[in-house]
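Here is my note on the model you sent. Please read it with the structure open.

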Amino acid sequence: MDQWKVMVLICLYGAVKEFRPTEPYMYEYQHTVLNMTEHTLNSQVYPIWTYSYLITLIPAFLLTDVFLYKPLIVFEALSYFLCWVIFVLELIYGWATATEIAYFAYIYVKVPKTEYKSATAFTRAALLVGRFLAYALAQLLIGMNWSSYQTLNIISLVAMTIALFLAVILPKVGWKEAYEKKLEDNNVQGNIKEIVDESSYVDYLKLFFAGLRHNLLAIYRNPLIFKWSVWSALSSCIFYQVTNYTQTLWGTLPDTQNRWNGITEALVPLLGIPADLITRQLNVNWNRWGDLLLAVGSVGQAGLLFWMSQSNHILVLYLSYIFYRVIYQMSTTIAQSTLALSLDSRLFGLLFGINTFVALILQSILTAVVIDWQKLDIRPQFVVYSIYHLVVAIGFGVIFGIWAGRRIFKANTN
């Protein structure tokens with residue numbers, strides 16, 4: 001199949017699989033339709049996603065290349081389908097989110113290296129478009145009292161059925177095709193097609209695992225990459241936790257107030273895109289000022305989370321959530337652009353996978369302590385998350401202070 005037809009198909013799949021209008025009202029659906037209490041959802045249902053995502057991520061990362069991409073995409077689509085058939089099954093939801101890595105890996109095998117940047121932009125845009133349309137539709141249907149939460153679930157299930165069909169009809173990836181792409185990406189000299197013809201599937205696997213070991217060593221020998229990776233893991237950990245439990249916090253207010261979840265979730269990608277573009281255009285040496293920015297951003301996020309934990313006004317909760325996510329988007333963009341200067345673009349996927357895995361380990365520990373052990377209610381939970389951001393801010397503030405002190409000392413001695 002022509003590479004552009006494949007790109008259109010994978011982007012269509014990405015948009016459809018993200019078209020889940022139930023998500024902005026997930027808590028309300030489970031609470032009112034499935035008759036599950038806040039305590040049950042908060043302490044027994046939602047934590048399962050964290051643990052499932054953690055356990056599934058590494059096998060998914062390794063098996064994506066071993067099974068040649070498409071089977072993992074089909075598994076992702078099937079998991080989303082099953083999740084919306086058995087909506088409470090957070091275990092399957094963890095499988096779906098963990099196997100999303102195959103979605104991005106697949107397109108890089110199917111398009112030339114010169115089109116990687118465009119492919120990345122198109123596939124990520126497809127996800128944002130799918131989410132925005134789903135959340136906007138949900139807001140329209142619920143806000144205008146045109147349908148119930150049950151209807152949103154039916155629409156989501158239909159979309160997941162279509163996504164599963166699209167995943168099945170995606171062109172498969174042969175091991176020779178994948179092997180050829182890996183040889184090209186590793187700048188192997190000689191006649192690549194001839195090398196592939198004389199090789200076997202075992203040779204392809206050997207190249208994959210050898211490259212994995214070599215790339216791991218290449219990534220973490222760089223102290224700059226290590227520092228930004230630490231921030232990425234720490235920030236993603238609490239970001240996952242906040243997005244996982246925010247609807248529970250909204251649900252503490254009367255149903256007549258929290259009817260604007262859809263537009264709130266829809267505004268996040270809309271505001272995130274210009275924030276991302278503005279951040280990329282800033283001519284700032286983030287190696288020098290990045291620690292200060294991360295410290296200030298973490299303080300801002302800490303303040304927003306604490307305000308959310310104390311407020312009983314839904315508008316405050318909505319706006320704080322939007323600003324929190326925009327700050328996260330901008331900080332992540334700065335981290336990615338900084339890493340791009342020190343890291344081969346081929347290693348981004350590996351670095352992202354490892355940082356996500358570390359973030360999930362930290363999130364699992366946080367979930368176990370805050371929810372399983374201390375059994376905190378939702379508002380005290382957000383106080384803890386606020387304190388977490390303050391600790392991160394202090395850490396990076398100290399790093400910046402040490403750097404600034406050395407600069408001043410060096411200037412005085414000269």
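**Notes on the predicted model**

1. Burial first. This is a predicted model. Buried residues account for 50% of the 414 residues in the protein chain. The protein chain exposes about 19400 Å². Carbon and sulfur atoms supply 68% of that area.

2. The fold is helical. The protein chain has 17 helices and zero strands. Its radius of gyration is 22 Å, close to the 22 Å given by the globule rule for 414 residues, so the chain is as compact as a globular protein of that length. Along the principal axes, the C-alpha trace spans about 70 × 70 × 40 Å.

3. Look at sequence separation in the contacts. Take those in the protein chain between residues at least 6 apart in sequence: 83% of them join residues at least 24 apart.

4. Now the largest nonpolar core. It has 107 residues. Which of them touch the most other members? They are Ile10, Tyr13, Tyr69, Ile73, Tyr106, Phe382 and Tyr385. Helix H12 (residues 223-250) gives the most to this core, with twelve residues. Domain 1 (1-173) and domain 2 (210-413) both contribute residues, so the core lies between them.

5. Tyr385 is then in contact with Ile238, Gln241, Val242, Tyr245, Leu305, Leu366, Val370 and Ile371. Tyr385 is also among the residues that touch the most other members of the largest nonpolar core.

Notes:
Residues are numbered from 1 along each chain as its sequence is written. This is a predicted model: local features need pLDDT of at least 70, side-chain atom pairs count only at pLDDT 80 or more; totals for chains, interfaces and linings use all residues. Side-chain values use heavy atoms; hydrogens and water are left out. A nonpolar core is a set of buried Ala, Val, Leu, Ile, Met, Phe, Trp, Tyr and Cys residues joined through side-chain atoms within 4.5 Å. Buried means under 20% relative accessible area, exposed over 50%, partly exposed in between (1.4 Å probe, protein chains only). Helices (H or I, at least four residues) and strands (E, at least two) are DSSP runs, numbered from the N terminus. Domain bounds come from an automatic or database domain assignment. Contact means heavy atoms within 4.5 Å. The radius of gyration is taken over C-alpha atoms; the globule rule is 2.2 Å times the number of residues to the power 0.38. Accessible areas come from the Shrake-Rupley method with a 1.4 Å probe; for residues, only the protein chains shown count as cover. Lists of a residue's contacts leave out its neighbours within four places in sequence.
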